[in-house]
Amino acid sequence: MPDQKQDSTEEVLIAAPVIALQEIGNIGGGLLREVGSIFWFIINTIEETIERVREGRVPFTASSFFRHAERAGVDSVPLVGLVSFFLGLTMALLTGYQLQRFGTERLVPGLVSIGFTRELGPLITGIMLAARIGAAFTAELGTMTVSEEVEAIEAMGIGPLRFLVAPRMLALFFLMPCLSTISNISAIFATSLISKAYFSIAFPYFIDLVRDSLLIRDLITGVMKSFLFGVLIAAIACYRGLNVKGGAAGVGSATTSSVVTAITVVIGVDTLYNVVYTNFFPT
Amino acid sequence: MNSQNSHMVALRDVTMEFEDKKVLDDLSLTVEPQERLVIMGQSGSGKSTILRLILGILRPHTGEVFFKQFEITRLKRRKLQQVRHDIGMVYQYSALLSSRNVRDNVALPLEELTTKSRKEIDKIVDQKLDLVGMKDARDLTPSELSGGMKKRVSLARALTMEPELVLFDEPTAGLDPVIASVIDELIISLTDNAKVTSIVVTHEMSSAFRVGTRMAMLYQGKIIEDADPETFKNSQNPVVAQFLSGSTEGPILEGSQDAIAKK
């Protein structure tokens, strides 16, 4: 018996790398499949919407678009503004104290404004929208899928992607840059307060410093990213919602998965964007 | 393809599997215009799957599904959407859009698929709601309706596009006998007044025999009996006989007889 046990342990040890490799392969394969599915999901939504426009009909009602825009955009303003304000305060305070040791606290306004317009504004807004709106979209569409509402829409001959996904995607596409801008403004405002209170930088001088350091390309980069994040968050949320299986528990796990995926994708795409951007357009 | 033209619906050698479980096994079935076909069978036997195959929501693993001259399995998305305008579907749990009120639910296909004015749409919606006796519930939301009311609104919605074929998935399940009779009579009146062909999936006996002009029994993925109601009622097939009598003795529960005996 002990011999047999040793044998089986050895077999497992020998097989272990193979099993590990298989698992990695499975995870990698699954990931690629998901990326492909979401890509085609976006393409199909655009295609269905364009098909409808070509027929001379509006793809969805203005009220449907504005309802989502209000929920995703206007209602998110307090959250985005407040969180960015606190982040601006913290960032200005921490960097200011470090730079003060070298007598370069004048750099704080430029540092925070470049950091936010190019990077943190879109990123923080993306993460907050993924959690706040992505979850709502997934839960809503997931519940509709479970209660056969989506199938009923499809059975009537109405394209569910055009009817349900397109207004949500377009709302986030347009609202995301607006929210990023609000995030930037509240962070820069917070920095101006800290600069005045701790580092004696008066408001007009602060504005001059910000204007000197900000480049138009920083602003454009931030806005471009925001558009991209908006589409990705909406696409992931709607995709997860429409693919819910298994009742209420399915809606719950799809919502969790939607938020986790959207946040990971936003951060991942942001990194990729920066790598590409700094390589092709070095400062 | 021409041979299919006279049928309203034709399924030919259809096989359907869900995760290695064969739900439909080489199934063939035709439905003629203005017929009211009732498909009976145990829960989970694949009755609803047949309806979803006709709508093109599911695609069969093998075989062909025809609606009139169109081969549903081969249609492109756009064409399939157009073909679906001629098919109405009443879902088991109604599937009304919970965010819209009754009027908006019934008006949805008209708003999305036609270029009718709001006035015209309102007129049709009122007419359809009147037909199912739900005109007073126009402004209520689905959450304010009972099961029977939801079913009737769902039927009104299925009829707004004047379909040639209406599919009913358990139309009377869970309803009181009076409302069940109302629904049954509505289904019958559709054929009489609007020349609609109906496929009704149910296992409510009384309802099935009241509505059906033809009955089919689905068992283990195949149609084992297909006849007019009178012949069906007197079928010699032991599965059909057991199903109609509701007895625990017979081929349907063969595998689980021991478990029942123990109970």
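This is a predicted model: local features need pLDDT of at least 70, side-chain atom pairs count only at pLDDT 80 or more; totals for chains, interfaces and linings use all residues.
Reader: What share of the contacts in chain B between residues at least 6 apart in sequence join residues at least 24 apart?

Author: As background, 40% of the 263 residues of chain B count as buried. For contacts between residues at least 6 apart in sequence, the share that joins residues at least 24 apart is 62%.

Reader: Thanks! Which strands are the edge strands of the open sheet of 6 strands in chain B?

Author: The strand order in this open sheet is 6-7-8-3-9-10, and the pairing is mixed. On average, neighbouring strands are turned by 15° against each other, direction ignored.

Reader: Which residue is the bridge partner of I39(B) in strand 8 of chain B?

Author: Strand 3 (residues 36–41) and strand 8 (residues 197–201) of chain B pair in the parallel sense, over 4 bridges. In strand 8 of chain B, I39(B) has as its bridge partner V201(B).

Reader: And what angle does the direction of helix 6 of chain B make with that of strand 8 of chain B?

Author: Helix 6 (residues 177–194) of chain B packs on this sheet, where it touches strand 3, strand 7 (165–169) and strand 8 of chain B. Between the direction of helix 6 and that of strand 8 of chain B, the angle is about 160°.

Reader: Let's move to strand 4 of chain B. Which residue in the turn of its hairpin with strand 5 of chain B has a positive phi?

Author: Strand 4 (residues 62–67) of chain B runs antiparallel to strand 1 (residues 9–18) of chain B, joined by 5 bridges, and F67(B) is the bridge partner of V9(B). Strand 4 also pairs with strand 5 (residues 70–71) of chain B in the antiparallel sense over 2 bridges, with F67(B) opposite F70(B). The hairpin of strands 4 and 5 has 2 residues between them, and the one in the turn with a positive phi, about 50°, is K68(B).

Reader: Now the two chains together. Which helix of chain B gives the most to the side that touches chain A?

Author: In this meeting of chains, 15 residues of chain B are in contact with 13 residues of chain A. On the chain B side, helix 2 (77–84) and helix 3 (102–113) each supply at least two residues. By class, that side has 9 nonpolar, 3 polar and 3 charged residues. The most, 4 residues, comes from helix 2 of chain B.

Reader: One last thing: why does L172(A) count as buried?

Author: L172(A) is in helix 6 of chain A and is among the residues with the most contacts inside the largest nonpolar core, which has 127 residues. Its contacts beyond four places in sequence include A72(A), L129(A) and I233(A). A residue needs 20 or more C-beta neighbours within 10 Å to be buried, and L172(A) counts as buried because its number of C-beta neighbours inside 10 Å is 31.

Notes:
Residues are numbered from 1 along each chain as its sequence is written. Chains are lettered from A and ligands numbered from 1 in the order in which they are written. Two strands pair if DSSP finds at least two bridges between them. A nonpolar core is a set of buried Ala, Val, Leu, Ile, Met, Phe, Trp, Tyr and Cys residues joined through C-beta atoms within 7 Å. A residue is buried if 20 or more other C-beta atoms lie within 10 Å of its own, exposed if 12 or fewer, and partly exposed in between; C-beta atoms are placed from the backbone. Two residues are in contact if their C-beta atoms, placed from the backbone, lie within 7 Å. Ala, Val, Leu, Ile, Met, Phe, Trp, Tyr, Cys and Pro count as nonpolar, Asp, Glu, Lys and Arg as charged, and the others, Gly among them, as polar. Axes are lines fitted to C-alpha atoms, for helices over the stretch in contact, and angles run from 0 to 180 degrees between N-to-C directions.
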